[in-house]
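Work through the following exercises with the sequence and the model beside you. Try each task on your own before you read its solution.

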Amino acid sequence: MTDLTPKAIFNAALASTPLIAVLRWITPDEVEGVGEVLVEAGFKLIEVPLNSPDPYESIRRLSKRFGDKALIGAGTVMDPVDVKKVQDAGGRLIVMPHADLDVVRAAYWADLPCVPGVATPTEGFAAMAAGAVGLKVFPAEAIPPAALKAWRAVFAKHIPLFPTGGIVPETMADYVEAGASGFGTGGRLYAPGRTVEEVRARAQAYVAAWHATQAA
């Protein structure tokens, strides 16, 4: 495990490949194989939603094997008490679909980077004031690039915005131009029944698309 703090690792990922892999419904038996192809492709932020089968075991396995290469954590964190459970399993990242400020504060006091889901600037500013390190703009299908551009006009550039929900490699450039700092990707990247090789190809496509936006 690296000696860097979770927030330092998050910032390094933000500067490199700020893509959050959402492994919803993954099982502990398959999580290491999927984690390996994600890390090889360049993903540095990986979350296992807590409504997945045995999520804490999956987090434990990912953290043990890849914790020196990526920031591993949990998504769909709905209760402040779950923050400690994630931390005890080796998780160091808290992601949520909503903006429960009690969860954000619990992550802040645990020194774990927290990226809550927000659908309005009001929610976003409240979450940042509570200690969030970035904002999951969710669902992105309802917040197109034109809307994100308006958000970016009021959110300072140092506040990371991660459109999440329906993002595919082909749509990333328009969001980046509008002010996106990175992306969250779930079902378009991993889904139950998808082979490791299929996940590898999709992961490589997302990473290539991200770097293409930075070279443009």
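**Exercise 1: a charge and a ring**

The charged end of K136 sits over the ring of F138, 4.9 Å from the centre of that ring. The model is a predicted one, in which local features need pLDDT of at least 70 and side-chain atom pairs count only at pLDDT 80 or more, while totals for chains, interfaces and linings use all residues. Residues are numbered from 1 along each chain as its sequence is written, and side-chain values use heavy atoms, with hydrogens and water left out.

Task: find which kind of peptide bond joins F138 and P139, and where P139 is found.

Solution. Begin with the bond, which is a cis peptide bond with omega at about -5°. Then place P139, which is found in the loop between β7 and α7. For comparison, most peptide bonds are trans.

**Exercise 2: an aromatic cluster**

Task: decide whether the rings of F125 and F155 are stacked or edge-to-face, and state which residues form one aromatic cluster with them.

Solution. Rings of Phe, Tyr and Trp (its six-membered ring) pair if their centres lie within 6.5 Å; planes under 30 degrees apart count as stacked, over 60 as edge-to-face and the rest as tilted. By this rule there are six aromatic pairs. In the pair of F125 and F155 the ring centres are 4.2 Å apart and the planes are at 20°, so the pair is stacked. Since F125 lies in helix α6 (residues 121–130) and F155 in the loop between α7 and β8, the pair ties together parts that are 30 residues apart in sequence. The cluster consists of F125, W151 and F155. As for accessibility, buried means under 20% relative accessible area, exposed over 50% and partly exposed in between (1.4 Å probe, protein chains only). F125, at 40%, is therefore partly exposed, whereas F155, at 1%, is buried.

**Exercise 3: a serine in a loop**

Task: determine whether S52 is buried or exposed, and which residues S52 is in contact with.

Solution. First locate S52 in the loop between β2 (45–49) and α3 (55–66). Its relative accessibility is 6%, so S52 counts as buried. Leaving aside neighbours within four places in sequence, S52 is in contact (heavy atoms within 4.5 Å) with L23, R24, W25 and I26. Finally, a polar atom of the S52 side chain lies 2.9 Å from the backbone nitrogen of W25.

Key:
Helix = DSSP H or I, 4+ residues; strand = E, 2+ residues; numbered from the N terminus. Polar contact = N/O pair within 3.5 Å; in protein donor to acceptor, adjacent residues only side chain to side chain. Lys NZ or Arg CZ within 6 Å of the ring centre and 35° of its normal.
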